[in-house]
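Have a look at the sequence and the structure first, then try each task before reading on.

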Amino acid sequence: MRNLTRTIRISALYVSFFFLVNIPISGHTQETGITEKTIRIGGVMDFEGQSKGLGLNMRKGILAAIQGQNSHGRRIEFITQNDSYSPSLTIKATEKLIDDGIFIMLGNVGTPTAKVSLPLLAESNIPAVGFFTGAGILRPGVGNVVNFRASYIQETAAVIDSAL
């Protein structure tokens, strides 16, 4: 479990840092979630339920990556909501962040929660970036989806290939 926690933190750090400092901002000053001073990013994760270790560590990794960082002179805000790994709570939390005006959704944890949040994000034209799931629903995904994790099929194929 300790290695998984470390891997999640490191992955979140790399994903967050790479994506956030490379956001093409020019011409997007009126984009939802972007003001003259800030870029607002949302995340819906499990902080109290069965996969709270994943959610808490994903948030820690992202916060570590963006601490003190800015993109094109704008401070990066990361606003999170707890869904306790419950799809019904994911819907409410995702809708709240959309209403709060986020630019992207980053680092959500879980397949059942991704399944209900992706259509809401697609409808609002908000990119889903670096969700922690290897589920096929993210490939190719509905709307703007950026994956950094291999799919479950890709992971299984790699294990089989290395065993042969």
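**Exercise 1. Find what the side chain of Thr113 reaches on the backbone, and decide whether Thr113 is buried or exposed.**

Solution. Start with the polar atoms: a side-chain polar atom of Thr113 sits 2.8 Å from the backbone oxygen of Val109. Bear in mind as you work that this is a predicted model.

Now list its partners. With neighbours up to four places along the sequence set aside, Thr113 contacts Asp83, Tyr85, Ser86, Pro87 and Thr90.

Finally, check the accessibility. Buried means under 20% relative accessible area. Thr113 has 2% relative accessibility, so Thr113 counts as buried.

**Exercise 2. Work out which side chain makes a polar contact with that of Thr111, and how far apart the two residues are in sequence.**

Solution. Begin with the location: Thr111 is also a residue of helix 4.

Then look for the polar contact: the side chains of Thr111 and Thr133 are joined by one of 2.5 Å. In sequence these two residues are 22 residues apart, while their C-alpha atoms are 5.7 Å apart in space.

Beyond four places in sequence, Thr111 touches Tyr85, Thr133, Ala135, Ile137 and Tyr152.

Thr111 has a relative accessible area of 27%, so Thr111 is partly exposed.

**Exercise 3. Describe how helix 3 and helix 4 pack: how do their axes cross, and which residues meet?**

Solution. Take the geometry to begin with. Helix 3 covers residues 87–100 and helix 4 covers residues 111–123; their axes come within 9 Å and cross at roughly 35°. The crossing is right-handed.

Now go through the residues. From helix 3 come Pro87, Thr90, Ile91, Thr94, Glu95 and Ile98, and they meet Pro112, Thr113, Val116, Ser117, Leu120 and Leu121 of helix 4. Sorted by type, the residues of this contact are seven nonpolar, four polar and one charged.

As a link back to the opening exercise, Pro87 and Thr90 are among the contacts of Thr113.

Terms used:
Residues are numbered from 1 along each chain as its sequence is written. This is a predicted model: local features need pLDDT of at least 70, side-chain atom pairs count only at pLDDT 80 or more; totals for chains, interfaces and linings use all residues. Side-chain values use heavy atoms; hydrogens and water are left out. Axes are lines fitted to C-alpha atoms, for helices over the stretch in contact, and angles run from 0 to 180 degrees between N-to-C directions. Helices (H or I, at least four residues) and strands (E, at least two) are DSSP runs, numbered from the N terminus. A crossing is left-handed if the near helix is turned anticlockwise from the far one by less than a right angle, and right-handed if clockwise. Contact means heavy atoms within 4.5 Å. Ala, Val, Leu, Ile, Met, Phe, Trp, Tyr, Cys and Pro count as nonpolar, Asp, Glu, Lys and Arg as charged, and the others, Gly among them, as polar. Buried means under 20% relative accessible area, exposed over 50%, partly exposed in between (1.4 Å probe, protein chains only). A polar contact is a pair of N or O atoms within 3.5 Å; within protein, one must be able to donate a hydrogen and the other to accept it, and residues adjacent in sequence count only if both atoms are side-chain atoms.
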